Every structure is written in structure tokens, then in C-alpha cells.
There are 2 protein chains.
Amino acid sequence: MARWEPDARGRMIDAALELFAEGGFERTTALEIAKRAGVTERTFFRHFTDKREVLFDRTDALQTQVIAAIEAAPVDVAPLDAVCAAIGDAGVLFDRVHARRRDAVISANPGLLERELLKLNRLAAAIADALRARGVPELTATVSAEAGVAVFKISFARWIADDPDSDFAGSVQKVRSELGAQVGEPAT
Amino acid sequence: MARWEPDARGRMIDAALELFAEGGFERTTALEIAKRAGVTERTFFRHFTDKREVLFDRTDALQTQVIAAIEAAPVDVAPLDAVCAAIGDAGVLFDRVHARRRDAVISANPGLLERELLKLNRLAAAIADALRARGVPELTATVSAEAGVAVFKISFARWIADDPDSDFAGSVQKVRSELGAQVGEPAT
């Protein structure tokens, strides 16, 4: 299953995750990543601002895909349903083996966790903007966006810890459903 | 209304917020904060690790108070209700004028926003732990904690932007209610 194509960018991501796991994030240099991926340091920096950004390649792709899906959702779909469907579909972007390695690196570095949280915060802001652009009122847009990102965060963590056969969209559905059970108040 | 007592710690927080607003966060030193508050630099560092921590004094107090309230909640209160009640009651910790100044400083500094998000992430983890300690199942605890922190984040932003007479607990109630309307699914 070659989800990560053997292109230069994919090779650099693979190489970086291997090197971070072997020698630690701090000690790995961009030059080492480039060498292992069989590219020049110059090529590395054409793709990534710094070695940290290698870890957030999928987060940025996630935002692009989720926003496009929300924009394309039929007008009669409820805001949070549009958001959760978009997030569930974004599972195609993730490879579990990579996601686990990445999670181990991020958990070990508070600075990387801060960056991760900042990216998720930006994702919530972008989702709220996309909902407002669909005519969703301010508070509804903000609440649906934050709830959607909370669902993503929890589903993703459960999915990478889960058995190999579970799928990401199923994990999103389960967390969404538990949120409904806990928050559940009939709409007035 | 002297919610912020004229004690040394309160004076340092006041002085820091004034100085950050006047000269920017980066350019303000711990010594300047101490001088304006009428204390020594040594006293400043007895209270705060660095000037950044002055901004998170209330966030840490919030976590202590919210966790204590969850631990003290009657056993028959639903998890998310216990969390939201604890958050609403924590409004007594905040002064709106200070909160607005603080928000302006944090918004202008991505590094501070990252720190803020890390603190909120820790708050969610601590809430989930407190719920698990009450016997709440894993997924329910995590979902209720993340939903509660999302409610806090949105309520707080709305409250500081709102008219001077609105109260924090009312803002929490309104956001909680909108979440119910958006997520609402009858518990099965």
C-alpha cells in the first residue's frame, strides 16, 4: 500500500521520521534528512522552511482538504455535520505508521506540541471562517468549529492507538456520537 | 471594585500588563515590572519563573479551582454539567479589564498564544483525569473535558468582547446551550 509515494517529498518525510526516532528531534539536522532521502539540502529547503515543518505537512494538507469539503457541502447539511464529514473524509491523508512515529516525536518535545496546538487552533479559525462564509451565524460557526476540532483531536489519538484494522472515519463517528450523548440537548 | 488586591503579586501583575501595553511584551524586562510595582527583582522572581508567567497566573488558578469543583461535585451530576458548572463558577477569578489587556498582549505574540494553548491543553488533560477519578469511562471523560475547554475558550473570548454588564457564568451557559443545539443527539 504505497500511500506515501516514493517522490522526493515523501522520501524526506520518511527519512525525517526515521532520524527523529533514532537520534531525537533536536539532534537531527536538515542536511542529515536530505542525505538519507537522497536529495540535496537545497531541495529540502525548497520543500520545508525548517525540520519542524516536516512534521506538519499533513496538518496543512488536512486544513486545505477540510475547508474545501465544507465549502462543497450541500447547503442543507447542518454545520457540525459538514465539519465532521469533512474531517472523517480527511482520513485518506494519514498513514498510521507515520502518524504513530510522528506522535512519539511530538509528545517528547513541548515546543512541537505547542506548534501542533497552534496549527489546530488555526484549523478551528479557518473552519469557523468557512462556515460564516456559508451564512452560518457567528456563535454557531465558532462552536461547531471548536467542537469539530475537538472531535478530530480525540479521534486521531484513538485511531493511532487503536488496532490496525480500525478506520479513521469510524473513529470520528464514534467520538461525534459520544459528544452527542454527553452534550445532548434538544435543539430549541 | 478591588478584585485585584493591592498586594505585591497583584501589583506586579498590574504593572506588567501596563508595561506590556505601553512598550510591548518583548521589550519589557522583569526589572522594569518589579520597579513599577515597588518591589525588588528578587521578589519578582520569587513569584514568577519569567515575565511570561505573569500572563498565566489566572490560568493556573483556573485549573486549580476547576479541578477542585469537579472533585466536589455530587456523584449524580453528569460529567459535562460538572465541568461547565466548575468553569462558570471560575469567573470570580477574572477581571475583565485585565483580561482584555492580557488578550491584546497574547494576540500580538505567537509564542504567547502557543503557551496559552498548551495551558488549555493541560487543563483538558487535568479535567479528564479528574473525571476518570470519579469513575467516568475513558471516552466520556476525554470528550467531556475537551468539550468543556472548548466552551471555556469561546465563552471567555465572548465575555471580554461583550458589554460591561454581562457576566462570565452567563456567557458559559449561552455557549454550552449553543453546543447542545448543534451537537444535540439524544443519549442512547
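# Close-up views of a two-chain predicted model

**View 1. A salt bridge across the interface of chain A and chain B.** The side chains of Arg115(A) and Glu114(B) form a salt bridge, with an N to O distance of 3.9 Å. The model shown here and in the other views is predicted. Across the interface of the two chains, four salt bridges are found by the rule. Arg115(A) and Glu114(B) also belong to a network of salt bridges that includes Glu53(A), Asp60(A) and Lys119(A). Counted over all chains, the structure holds 26 salt bridges.

**View 2. Helix α1 of chain A and its surroundings.** Helix α1 of chain A covers residues 8–23, which makes 16 residues. From first to last C-alpha the helix reaches 22 Å, close to the 22 Å expected at 1.5 Å a residue. Its buried residues are Gly10(A), Met12(A), Ile13(A), Ala15(A), Ala16(A), Leu17(A), Leu19(A) and Phe20(A). The cover over the buried residues of α1(A) includes α2 (30–37), α3 (41–47), α4 (51–54), α5 (57–72) and α7 (96–107) of chain A. After α1(A) comes Gly24(A), with a positive phi near 90°.

**View 3. Helix α5 of chain A and its packing.** α5(A) has 16 residues and reaches 23 Å from its first C-alpha to its last, close to the 22 Å expected at 1.5 Å a residue. Buried in α5(A) are Asp57(A), Thr59(A), Leu62(A), Val66(A), Ile67(A) and Ile70(A). These buried residues pack against α1, α4, α6 (79–89), α7, α8 and α9 (138–161) of chain A.

**View 4. The salt bridge between Arg9(A) and Asp57(A).** The two side chains meet with an N to O distance of 2.4 Å. Arg9(A) is in helix α1 and Asp57(A) in helix α5 of chain A, so the pair links distant parts of the chain, 48 residues apart. Which of the two partners is buried, with a relative accessible area of 8%? That residue is Asp57(A), which counts as buried because 8% is under the 20% limit. Arg9(A), at 27% relative accessibility, counts as partly exposed.

**View 5. The salt bridge between Arg36(A) and Glu22(A).** The closest N and O atoms of this pair are 2.9 Å apart. Distant parts of the chain are linked here too: Arg36(A) is in helix α2 and Glu22(A) in helix α1 of chain A, 14 residues apart. Arg36(A) has 40% relative accessibility and counts as partly exposed. Glu22(A) counts as exposed because its relative accessibility of 55% is over 50%.

**View 6. The salt bridge between Asp60(A) and Lys119(A).** In this pair the closest N and O atoms are 3.1 Å apart. Asp60(A) lies in helix α5 and Lys119(A) in helix α8 (residues 110–133) of chain A, so the bridge ties together parts that are 59 residues apart in sequence. Asp60(A) counts as partly exposed at 34% relative accessibility, whereas Lys119(A) is buried at a relative accessible area of 10%.

**View 7. The span annotated in UniProt.** An unreviewed UniProt entry lists residues 29–48 of chain A as "DNA-binding region". The end C-alpha atoms of this span lie 13 Å apart, and the span is 75% helix and 0% strand.

**View 8. Lys35(B) on helix α2 of chain B.** Lys35(B) lies in helix α2 (residues 30–37) of chain B. Is the residue buried or exposed? Lys35(B) is exposed, with a relative accessible area of 63%. The C-alpha atom of Lys35(B) is separated by 8.8 Å from that of Ala15(B), 20 residues apart along the chain.

Terms used
Residues numbered from 1 in each chain as written. Chains lettered and ligands numbered in written order. Predicted model: local features only at pLDDT ≥ 70, side-chain atom pairs only at ≥ 80, totals over all residues. Heavy atoms only, no water. Helix = DSSP H or I, 4+ residues; strand = E, 2+ residues; numbered from the N terminus. Expected span 1.5 Å × (residues − 1). Buried < 20%, exposed > 50% of the residue type's maximum accessible area, 1.4 Å probe, protein only. Contact = heavy atoms within 4.5 Å. UniProt positions renumbered as here; feature names shortened; annotations may be inferred.
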